[in-house]
Amino acid sequence: MTKRLTQLGFFLALALILAYVESLIPFSFGIPGIRLGLPNLAVILLLYGSRGGTQGGGGSAARGPGIGGARDAFLINILRIVISGFLFSNLYTILYALAGAVLSFAAMLAGRRLRCFSVVGVSVLGGVSHNIGQLVMAMLVTRTVYVGYYAPYLIAAGTVTGAVLGLGAVELMPYLWRIKDRS
Amino acid sequence: MTNRTHMDDHSHKTFVLKKADIVLIAACFLAAALLGVFFIFCRREGVSVRILYDGIALRTIALQSGQEDTADGYYLITYRDDVVATDYYTDMPSLDLPEYTGYNLLLVSDGQARIVSADCRDQICVRHKPISAAGESIVCLPHELVIEIGGDPDGKETLDGVTR
């Protein structure tokens with residue numbers, strides 16, 4: 001239990017630090033809503049660290065670490081959004097981030113369950129659906145459909161950032177599992 | 001991709017992009033490109049600038065000359081509690097506004113609209129590129145403000161209307 005708590009805390013801290021790093025990067029293309037999505041890295045890593053699971057979606061995680069899987073990933077996902085929202089931005093941002101994160105989590109979970117995607121594919125699904133979720137929320141908040149004009153940019157940006165993040169997760173995973181196996 | 005055979009046994013398969021990944025990435029770019037082409041195809045120069053607060057139109061400004069409402073110039077949108085006001089200036093107004101809780105300064109000129117200055121936290125609206133085509137918009141989320149370009153009065157817009 002203590003070990004589980006510690007490891008979950010570690011992932012939450014990782015997500016928050018990534019959110020902080022991202023808040024430091026001035027990242028603007030004249031199109032609002034395009035972000036790197038770094039904190040999602042922690043969520044993806046957790047999603048693929050299935051508890052004792054033998055079947056990772058990308059053929060990874062032959063031996064599962066103590067934590068991970070859909071439940072833990074979802075928990076950390078929601079917590080990091082609420083905490084980083086209060087730390088680095090405002091309530092409005094939390095609303096948007098939650099809309100994006102819930103949709104993106106559902107898409108990543110479905111993508112993982114389908115088993116035909118690697119981590120990169122799952123991450124792309126997450127990136128694109130995150131942006132679509134935020135766009136839909138923007139339509140609801142501003143009560144206009146005109147923000148739909150951002151859709152092409154946001155889909156393309158979500159694909160690129162998702163792929164980059166997925167490759168990053170692929171690189172990180174072996175190291176992470178090695179540390180965990182030892183502990 | 002990097003060859004990491006020296007890593008432990010978990011790693012060897014994860015470095016391979018699966019076929020489904022490539023299909024997915026290609027499909028996403030294709031979808032974005034098709035949507036983009038669709039929007040470009042539908043692009044029409046706008047004829048008016050609408051200032052909306054909380055989804056309600058505050059003011060409509062003619063984007064081209066020869067229309068009745070005042071056209072080019074600065075439009076200062078100020079907020080105090082739930083009271084929103086828009087004021088027209090021919091020259092850049094002073095932005096020392098202690099009596100208001102917030103403001104956005106809109107500039108309409110040469111058939112384009114852009115936010116010149118705002119005291120919102122994220123400044124996304126200020127960094128937004130100038131807009132001129134029917135249906136384009138600048139959104140300031142912290143202030144719940146939308147600046148949007150209206151198209152033909154004949155109602156031939158592709159994405160028409162305001163959802164409720």
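Reader: Which residues of α1(A) are buried?

Author: In this predicted model, the buried residues of helix α1 of chain A are A:Phe11, A:Leu14, A:Ala15 and A:Ala19.

Reader: What covers the buried residues of α1(A)?

Author: The cover includes two helices of chain A, α2 (40–47) and α3 (70–88).

Reader: And how far does α1 of chain A reach from its first C-alpha to its last?

Author: Helix α1 spans residues 2–24, which is 23 residues, and reaches 33 Å, close to the 33 Å expected at 1.5 Å a residue.

Reader: Turning to α5(A), how many of its residues are buried?

Author: Of the 24 residues of α5(A), 19 are buried, so the helix is largely enclosed by the rest of the structure. Helix α5 covers residues 119–142 of chain A and reaches 34 Å from its first C-alpha to its last, close to the 34 Å expected.

Reader: What follows α5(A)?

Author: A:Arg143 follows α5(A), and its phi is positive, near 55°.

Reader: Now the largest nonpolar core: which residues have the most contacts inside it?

Author: They are A:Ile44, B:Leu106 and B:Ile147, in a core of 79 residues. Helix α6 (residues 151–182) of chain A gives the most to this core, with ten residues.

Reader: Which residues is B:Ile147 in contact with, leaving aside its neighbours within four places in sequence?

Author: B:Ile147 is in contact with B:Val49, B:Ile51, B:Leu106, B:Ala113, B:Ile115, B:Ser137 and B:Ile138.

Technical notes: Residues are numbered from 1 along each chain as its sequence is written. Chains are lettered from A and ligands numbered from 1 in the order in which they are written. This is a predicted model: local features need pLDDT of at least 70, side-chain atom pairs count only at pLDDT 80 or more; totals for chains, interfaces and linings use all residues. Helices (H or I, at least four residues) and strands (E, at least two) are DSSP runs, numbered from the N terminus. The expected span of a helix is 1.5 Å times one less than its number of residues. A residue is buried if 20 or more other C-beta atoms lie within 10 Å of its own, exposed if 12 or fewer, and partly exposed in between; C-beta atoms are placed from the backbone. Two residues are in contact if their C-beta atoms, placed from the backbone, lie within 7 Å. A nonpolar core is a set of buried Ala, Val, Leu, Ile, Met, Phe, Trp, Tyr and Cys residues joined through C-beta atoms within 7 Å.
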